[in-house]
Amino acid sequence: MTDLSQLQSELAARIAAAGDMTALEQVRVEALGKSGSISALLGGLGKMSPEERREQGPKINGLRDAVATAIAQKKAALEASELDARLASERVDLSLPARPERKGRVHPTLQTLDEMIAIFAEMGFSLAEGPDIEDDFHNFTALNFPPKHPAREMHDTFWLAPDEAGERKVLRTHTSPVQIRVMQGSNEKLPGWIANGQAPPIRVIVPGRVYRSDSDATHTPMFHQLEGLVIDRAIHMGHLKWTLDTFTRRFFETDSVVTRFRPHHFPFTEPSAEMDVQCDRSGGSVKIGQGSDWLEILGGGMVHPKVLENCGVDPDEWQGFAFGLGVDRLGMLKYGMPDLRDMFAADLRWLEHYGFTAFQAPNPATGLS
Ligand code: PHE
């Protein structure tokens with residue numbers, strides 16, 4: 001008897017003292033769980049004589065009901081106070097200022113590329129892409145590089161280890177191999193490349209990464225080019241100049257950019273030229289339209305008849321021009337970064353300073369202002 005009332009007051013005290021659901025659950029398991037103290041008493045009823053059972057049964061069952069009720073009441077009380085605490089702590093103060101949300105920034109190269117693509121898209125160019133790992137044929141041979149041309153050599157080109165067939169692939173040194181991929185009708189179709197094996201007339205741009213073993217303030221081992229290719233009837237150098245002049249004025253959002261065309265040599269264009277932009281790089285930033293420095297931003301020219309032939313395009317019927325623009329250098333000039341290497345140094349402070357917020361969607365008509 002005393003056992004039962006003692007157990008009851010002990011359990012009542014522990015239930016009252018339970019500060020949270022976990023503590024209360026612990027008491028419940030120890031009293032009413034499978035091997036709990038009250039469950040053991042209930043189990044013992046079976047072994048009693050009928051008289052004993054008649055006397056003890058109601059008491060033990062009464063104890064169980066009392067404890068179960070006390071636990072249920074305590075549970076309700078705990079739930080209520082937990083809810084009160086949550087309501088108090090989760091109160092929304094609408095007068096507080098909004099918390100600033102930290103967002104990443106658009107890298108100047110991507111921003112520049114987006115602007116360039118938008119301008120060429122307006123002129124009716126469509127997009128093509130090719131692989132970063134190229135074979136010798138697309139990167140050099142089909143582009144009319146003589147077998148001993150210096151650009152094939154180690155100091156310029158990153159060569160990969162030879163494969164089983166002994167073939168050495170390269171990290172493409174320019175985006176010009178995609179000219180071949182676009183023009184060659186019999187080209188094997190690589191998955192995911194937007195344009196391949198088109199018949200003329202052709203008007204495409206090819207943005208992408210290129211690689212050369214080179215590093216100084218205006219050279220990095222990886223950089224970005226945007227190739228342009230136009231193949232049509234009666235295309236001449238004037239079309240190339242007009243396209244590049246128009247692009248340059250739109251890109252820099254001013255007519256005051258000073259550019260110059262210099263004769264040059266590329267194996268895959270004839271005649272060939274390079275274009276420079278006048279700028280001042282004497283201070284800590286780059287200013288265009290002034291100064292005595294010239295920064296080369298592109299190579300271009302009329303597509304060499306041999307290249308057309310290599311792609312199965314009849315040079316007597318079709319002519320065209322091609323150009324390769326330096327994307328990162330154009331970004332440097334427009335946004336005033338003095339050193340190209342900073343572009344790829346992944347320095348967060350630099351990125352915060354020169355990066356763009358995602359809100360500033362480029363508008364080819366009005367630029368960013
Ligand atoms: N591929 C050349 C380079 O990387 C640029 C170029 C492209 C020249 C197209 C002529 C025509 O320097």
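Visitor: Before we start, what do the axes and angles of helices refer to here?
Guide: Axes are lines fitted to C-alpha atoms, for helices over the stretch in contact. Angles run from 0 to 180 degrees between N-to-C directions. Keep in mind that this is a predicted model.

Visitor: Okay. At what angle do H8 and H10 cross?
Guide: Roughly 45°. H8 covers residues 237–252 and H10 covers residues 327–335. Their axes come within 11 Å.

Visitor: Which residues make the contact?
Guide: From H8, Phe 247, Phe 251 and Phe 252. From H10, Leu 330, Leu 333 and Lys 334.

Visitor: And how do they split by class?
Guide: The contact of H8 with H10 has 5 nonpolar residues, no polar ones and 1 charged.

Visitor: Let's turn to rings. How many aromatic pairs are there?
Guide: The structure holds 12. One of them joins Phe 251 and Phe 252. That pair is edge-to-face, with 5.0 Å centre to centre and 85° between the planes.

Visitor: Is Phe 251 buried or exposed?
Guide: Phe 251 is buried, at a relative accessible area of 0%. Phe 252 counts as buried too, with 7% relative accessibility.

Visitor: Which residues do ring pairs link into a cluster?
Guide: Phe 120, Phe 125, Phe 247, Phe 251, Phe 252, Phe 321 and Phe 323. Phe 247, Phe 251 and Phe 252 also sit in the contact of H8 with H10.

Visitor: What about Trp 350 and Tyr 354? How far apart are their ring centres?
Guide: 4.9 Å. Their planes are at 45°, so the pair is tilted.

Visitor: Where do those two sit?
Guide: In helix H11, residues 348–354. Trp 350 and Tyr 354 are 4 residues apart, so about one helical turn separates them. Trp 350 is buried, with a relative accessible area of 10%.

Visitor: New topic: H3 and H4. What is their packing angle?
Guide: About 155°, with the axes 10 Å apart. H3 is residues 37–44 and H4 is residues 50–89.

Visitor: Why does that make them roughly antiparallel?
Guide: Angles over 145 degrees count as roughly antiparallel. H3 and H4 pack at about 155°, so they are roughly antiparallel to each other. H3 passes H4 in a left-handed crossing.

Visitor: Which residues touch?
Guide: Ile 38, Leu 41 and Leu 42 of H3 meet Ile 60, Asn 61, Leu 63, Arg 64 and Val 67 of H4. They divide into 6 nonpolar, 1 polar and 1 charged.

How values were computed
Residues numbered from 1 in each chain as written. Predicted model: local features only at pLDDT ≥ 70, side-chain atom pairs only at ≥ 80, totals over all residues. Heavy atoms only, no water. Parallel < 35°, antiparallel > 145°, perpendicular 65-115°, else oblique. Left-handed = near helix turned anticlockwise from the far one by under 90°. Contact = heavy atoms within 4.5 Å. Nonpolar A, V, L, I, M, F, W, Y, C, P; charged D, E, K, R; others polar. Phe/Tyr/Trp six-rings, centres within 6.5 Å; stacked < 30°, edge-to-face > 60°. Buried < 20%, exposed > 50% of the residue type's maximum accessible area, 1.4 Å probe, protein only.
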